[in-house]
Structures are given as C-alpha cells and as structure tokens.
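Hi,

Here is the structure I promised to send over. Have a look at it first, and my notes on it follow below.

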Amino acid sequence: MTDLNRLKVVLVEKMRSVQLSEKMERNLGIVLRWMTNKIHPSVEQLYEKAHLFYVDVKELFFLS
C-alpha cells in the first residue's frame, strides 16, 4: 500500500521529527500533527522543509 503522507516518508528517510522541529524552530507537537495529517503546513513551510531535506518540494506531495 502506498503511503499517502509523503512528508512523513521523507522525514523518516532524512531526519527525525525532533531534528526538524529544532531546525524549523517549530513546536514538536506541530511537526507531529503534520506527520499524522491532522494539520497541514503552508506552501512556504513545505519549501523550507524541502530545503532542509535537500529534496525537490514535489517529493513532499503524493504523486499518482
């Protein structure tokens, strides 16, 4: 089954949620809610994450 939460997949591959929250200066709770799809980051935040992960922003989206 394909994982629909690309942010979670990339995060697991690249760094831990604690590291991301520190690098983005965000609360760990917010990062965890992003990973569980309870809330969604803004487009600006997605670009910031892509930069931190050294990936194209498209990799953070589920592409069919």
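You'll find Lys-58 in the segment after H4.

Before the rest, some housekeeping. This is a predicted model, in which local features need pLDDT of at least 70 and side-chain atom pairs count only at pLDDT 80 or more, while totals for chains, interfaces and linings use all residues. Residues are numbered from 1 along each chain as its sequence is written, and side-chain values use heavy atoms, with hydrogens and water left out.

Overall layout

The protein has four helices and zero strands, so helices and strands deserve a word: they are DSSP runs, H or I of at least four residues for helices and E of at least two for strands, numbered from the N terminus. Read from the N terminus, the order of elements is α-α-α-α. Of the 64 residues in the protein, 36% are buried.

The core

The largest nonpolar core holds 16 residues. By nonpolar core I mean a set of buried Ala, Val, Leu, Ile, Met, Phe, Trp, Tyr and Cys residues joined through side-chain atoms within 4.5 Å. The residues with the most contacts inside this core are Leu-11, Met-15, Leu-20, Val-31, Phe-53, Val-55 and Leu-60. Helix H1 (6-14), H3 and helix H4 (43-53) are the elements that give two or more residues to it. Of these, H4 gives the most, with four residues.

Helix H1 and what it faces

Leu-7 is in helix H1 and counts as buried because its relative accessibility is 6%.

Helix H3 and the surface

Ile-30 sits in helix H3 (residues 28-35). Ile-30 counts as partly exposed because its relative accessibility is 26%. Ile-30 and Ser-17 are 13 residues apart in sequence, and their C-alpha atoms are 9.9 Å apart in space.

Leu-32 is in helix H3 as well, and Leu-32 is partly exposed, with a relative accessible area of 39%. Together with Val-18 and Leu-28, Leu-32 makes a nonpolar surface patch of about 200 Å². Patches are made of residues with over 30% relative accessible area and no salt bridge, where like charges are joined within 9 Å and nonpolar side chains (Val, Leu, Ile, Met, Phe, Trp, Tyr) within 5 Å. A salt bridge is a side-chain nitrogen of Lys or Arg within 4 Å of a carboxyl oxygen of Asp or Glu. The accessible areas come from the Shrake-Rupley method with a 1.4 Å probe, and for residues only the protein chains shown count as cover.

Rings and backbone

What sits over the ring of Trp-34? That is the charged end of Lys-49, 3.8 Å from the ring centre; the rule asks for NZ of Lys or CZ of Arg within 6 Å of the ring centre and within 35 degrees of the ring normal.

Two residues have a backbone angle worth a look. Asn-37 is not a glycine, yet it has a positive phi of about 65°. Asn-37 is in the loop between H3 and H4 and, at 38% relative accessibility, counts as partly exposed. Tyr-54 has a positive phi of about 60° and is not a glycine either. Tyr-54 lies in the segment after H4 and is exposed, with a relative accessible area of 75%.

Cheers

Methods. Buried < 20%, exposed > 50% of the residue type's maximum accessible area, 1.4 Å probe, protein only.
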